[in-house]
Each structure stands twice: as structure tokens, then as C-alpha cells.
Amino acid sequence: MAITAVVLTLRRNLFAVVVLSGLYSFLMATVLVALDAVDVAMTEAAVGAGISTVLLLGALHLCKSEESRSTRSPWLPLALASSVGVLLIYGALGLPDFADPNAPIHQHVVPRYLQNEVDVPNVVTAVLASFRGYDTLGETTVVFTAGAGIIALLRRRKSSTEKNRDGK
Amino acid sequence: MIGELFEHFSYLVTVFLMVTGLYIVIARGNLIKKLVGLSIFQTSVYLLYIAPGKLLGGTAPILAPQYGIYSNPLPHVLILTAIVVGVATLALGLALAVRIREAYGTIEEDEITALDNARQDMERDPDR
Amino acid sequence: MENNLVLRVVGKLLIPFILLFAVYVQFHGDFGPGGGFQAGVIFAAGIVFYAIIFGLDQARRIVPDRLVETMLALGVLIYAGVGVAGLFLGGNFLDYFVLDRNPVHGQHRGIFWVEVGVAITVCGVMLKIFYMFASRGQREEDA
């Protein structure tokens with residue numbers, strides 16, 4: 001997966017980039033299955049590899065599919081990014097070990113979620129729709145707003161331009 | 001030190017992906033490439049959330065009598081919604097890129113800046 | 001692509017199953033992996049597949065723009081409506097326990113309708129986005 005990401009940075013042909021990002025999404029979904037997040041993996045495979053690839057291709061169709069050679073030197077961004085990386089690794093060493101059952105993340109509200117108060121075997125669904133209902137309502141509204149924004153941005157008002165021409 | 005790094009391997013992968021995404025966003029001028037970089041950055045955050053929720057010997061959080069240990073369902077819920085919202089915002093960004101392309105004829109950041117500067121000079125000149 | 005026989009046949013075979021799988025994911029979400037978000041995305045992906053193979057106009061005839069735009073708003077309304085229904089029945093906003101005499105059944109009912117709302121909105125938004133991008137490309141080709 002890391003190799004895919006690196007190749008992704010180096011390629012300038014945007015078509016290859018889009019196909020590689022679809023591949024990357026599938027690999028990510030596999031990793032998520034390995035981490036027991038089946039619901040998330042399903043979404044990632046459908047969204048990342050399916051819908052967003054189609055969308056990127058659609059956008060590419062509307063734009064030029066070749067990236068021009070950058071005139072700026074790549075060293076400053078590289079140095080900046082790698083220094084951020086070193087800083088983050090230093091910070092990550094203070095986090096709990098991988099799969100540590102005593103980590104704080106497993107202590108707080110999760111034992112109550114796993115008690116299955118609402119009698120729905122898939123805990124993810126129960127938490128999503130019931131315990132964190134407000135969150136999900138907000139997320140749905142965000143998705144709705146994004147859709148409305150895209151309609152506002154991309155709708156071509158043929159009739160209004162014609163009216164303008166008539167007015168002139 | 002090496003052992004400690006190995007125990008934090010998931011974080012290392014996360015950090016690497018995040019840095020790669022960050023580099024693409026900063027260094028590349030093409031707007032669509034920037035959006036792809038942004039989505040890589042985003043997937044690294046998914047990993048950051050999901051990885052600590054895993055328990056060794058645990059199964060997916062679907063309750064059944066024969067299992068006792070489950071991975072943490074809470075990050076799954078958060079990331080599930082984040083993915084869908086992520087694709088919606090990605091589409092919004094692409095829509096903006098398409099509109100920019102229609103207005104300027106290019107989606108390269110440098111060229112857009114050059115066009116903007118040229119236009120500003122044009123606007124300033126008649127005053128002089 | 002519209003004249004490719006293999007694609008057309010395989011597409012015709014697969015698309016019903018994709019849509020059926022989306023419905024399964026939606027209604028089986030309580031017991032296995034799945035739920036509104038996934039179902040909406042898979043359903044939209046099935047229709048996008050159809051549009052790619054058989055052409056955008058054909059897909060638009062089956063799932064018209066007006067329906068998609070209605071779905072966009074309807075999903076959020078269903079979700080919020082479940083919350084308001086909880087208010088009317090004497091609970092808090094988004095309180096599912098009051099939706100049925102048996103609180104556990106009330107929870108089931110609440111989760112079910114909320115998931116339906118989520119699926120409708122997500123599916124509508126994805127389809128709308130795809131239609132917008134695709135139809136824009138088509139017009140540019142004509143011009």
C-alpha cells in the first residue's frame with residue numbers, strides 16, 4: 001500500500017493516478033478487514049474504489065488529464081513533510097501499544113455499548129443509529145449540504161443565459 | 001527502541017501515509033492531484049482511528065454467543081460516517097476544480113496565480 | 001461502450017444482484033455488517049454502473065432527476081421526522097424507546113427508519129453528483 005502511495009506521488013499522468021487511487025482504496029479496505037472493521041471496509045470498498053474513482057474520472061474528462069511539470073523545487077515541501085512526520089512518530093511513541101486491552105479507548109463507554117441494551121447484534125449499527133443518533137443526523141445533513149452545494153456549482157442555467165441574451 | 005517501534009507499527013504506517021498525503025498537497029500544483037493527496041491523508045486518519053480499536057483475538061463487533069472479545073465499535077462508527085462525508089466533500093472539491101477550469105482554462109495553481117496577477121495589472125493600469 | 005455486447009449482457013446479469021445486495025445490506029444491517037450508508041452507496045453504484053454501460057440518458061429515464069432531488073431532501077426529513085415523532089410520543093428528540101409499547105421494539109423501529117433515511121439521502125446525493133459531472137461532460141462534447 002505504501003508503494004502504491006509513493007508511485008501515486010510520482011506519476012504525472014492523472015489517469016494513472018486515479019486508477020492507482022482506486023487500487024489504494026481496495027488495499028485499504030483489506031487492511032480494515034484485518035483490523036476487524038468489516039462495516040468500514042465495506043464502505044471504503046464501495047465508496048473509495050467505486051464512487052470516487054468514477055467521480056475523479058468524470059472530473060478528468062472535464063479537465064486536462066496531464067499534469068504539467070512543477071517549476072518549484074520539491075525539496076522545501078519534502079523537508080516540511082518529513083519533519084512533520086518525525087514529530088508525529090515521536091508523539092506516537094507515547095501512545096498505547098498496538099492491541100493493548102488496557103488502553104483508554106477500551107475503558108470508557110464501550111463496555112456499555114457491548115452490553116447490547118437495544119438488542120441489535122451489530123453493535124456498529126446500534127451505536128450509529130441509536131446511541132449517537134445526533135451525530136449521524138449531523139453527518140446526513142452534511143452529505144445533504146454537499147449535494148446541494150454541487151447542484152449549485154454545476155447546474156448550468158441554460159434558460160437564464162438565454163434570457164440575458166434576450167435582455168441585451 | 002526497535003521493539004518499541006515495532007509495537008507502534010500501525011502508527012508508523014499511519015504517519016507515513018499522512019506525510020505522503022501532506023507532501024502531495026503541498027508540493028503539487030495540480031488541483032485534482034491535490035484532492036487525491038487529500039484523500040490519502042484522510043485514509044491515514046481512518047487507520048489512526050481504527051488501529052487502536054483492534055484487540056488481539058477479538059472479532060468484528062457483531063454480537064454472537066460464541067465470542068467473548070470484540071474489537072472496539074466506536075471508532076468504526078465514527079469512521080463509517082467520515083468516509084461517506086469524505087466522498088461528498090471530495091465531490092464538492094472536484095466540482096470547484098471543474099468550475100475553476102471553466103473560468104481559467106487550467107487547473108494548475110501556478111498558471112491560475114499568473115492569470116490572476118495579469119488581470120490585476122490590467123485593472124490597475126487604466127487608473128495610472 | 002454502449003455497443004459492447006459482453007458488457008451489456010454481463011451488466012444486465014449483474015445489476016439486479018447489485019441492487020438486491022444493496023437492499024439486503026440495508027435490511028440485514030442489524031444482524032450483519034451493513035447499514036444505511038453502505039446500502040445507499042451500493043445502490044447508487046449499481047445505477048452508476050447501469051448509466052456507464054447503457055448511457056446516461058437511459059439511466060435518467062429510469063431514475064429521473066426530479067426523483068433524485070426529492071430523495072436528497074426526503075432522507076434528511078425522514079431522519080428528523082423520527083426524532084420529532086419521539087417528541088410527540090412524550091420522549092426526547094431522537095428517543096426511540098417511546099416509539100413502541102415495548103421499548104426494545106421501539107429501538108428497532110427507530111433504528112430501522114433512521115437507517116432508511118440515511119440510505120435515501122446518501123443514494124440521492126451520490127446519484128446527483130454523478131449525474132451532474134456526467135451531464136456536464138456530455139454537453140461539452142456536443143458543443
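This is a predicted model: local features need pLDDT of at least 70, side-chain atom pairs count only at pLDDT 80 or more; totals for chains, interfaces and linings use all residues.
Local features need pLDDT of at least 70 and side-chain atom pairs count only at pLDDT 80 or more, while totals for chains, interfaces and linings use all residues; side-chain values use heavy atoms, with hydrogens and water left out. Residues are numbered from 1 along each chain as its sequence is written, and chains are lettered from A and ligands numbered from 1 in the order in which they are written.

Side chains of opposite charge can pair when their charged atoms come close. A salt bridge here is a side-chain nitrogen of Lys or Arg within 4 Å of a carboxyl oxygen of Asp or Glu, and the count over all chains is three. C:Lys128 and C:Glu69 form one of them, at 2.9 Å from N to O. C:Lys128 lies in helix H5 of chain C and C:Glu69 in helix H4 of chain C, so this pair ties together parts 59 residues apart in sequence. Helices (H or I, at least four residues) are DSSP runs, numbered from the N terminus.

C:Lys128 also bridges to C:Asp65, with the closest N and O atoms 3.8 Å apart. That pair links helix H5 (residues 103-142) to helix H4 (residues 65-88) across 63 residues. C:Asp65 in turn meets C:Arg60 at 3.2 Å, N to O. C:Lys128 is buried at 2% relative accessibility, whereas C:Asp65 is partly exposed at 25% (buried means under 20% relative accessible area, exposed over 50%, partly exposed in between, with a 1.4 Å probe and protein chains only). C:Glu69 is partly exposed as well, at 29%. Through shared partners, the salt bridges join C:Arg60, C:Asp65, C:Glu69 and C:Lys128 into one network.

A:Thr53, in helix H3 (residues 38-62) of chain A, is buried at 13% relative accessibility. B:Lys34, in helix H3 (residues 31-53) of chain B, is buried at 14%.

Conventions
Helices (H or I, at least four residues) and strands (E, at least two) are DSSP runs, numbered from the N terminus.
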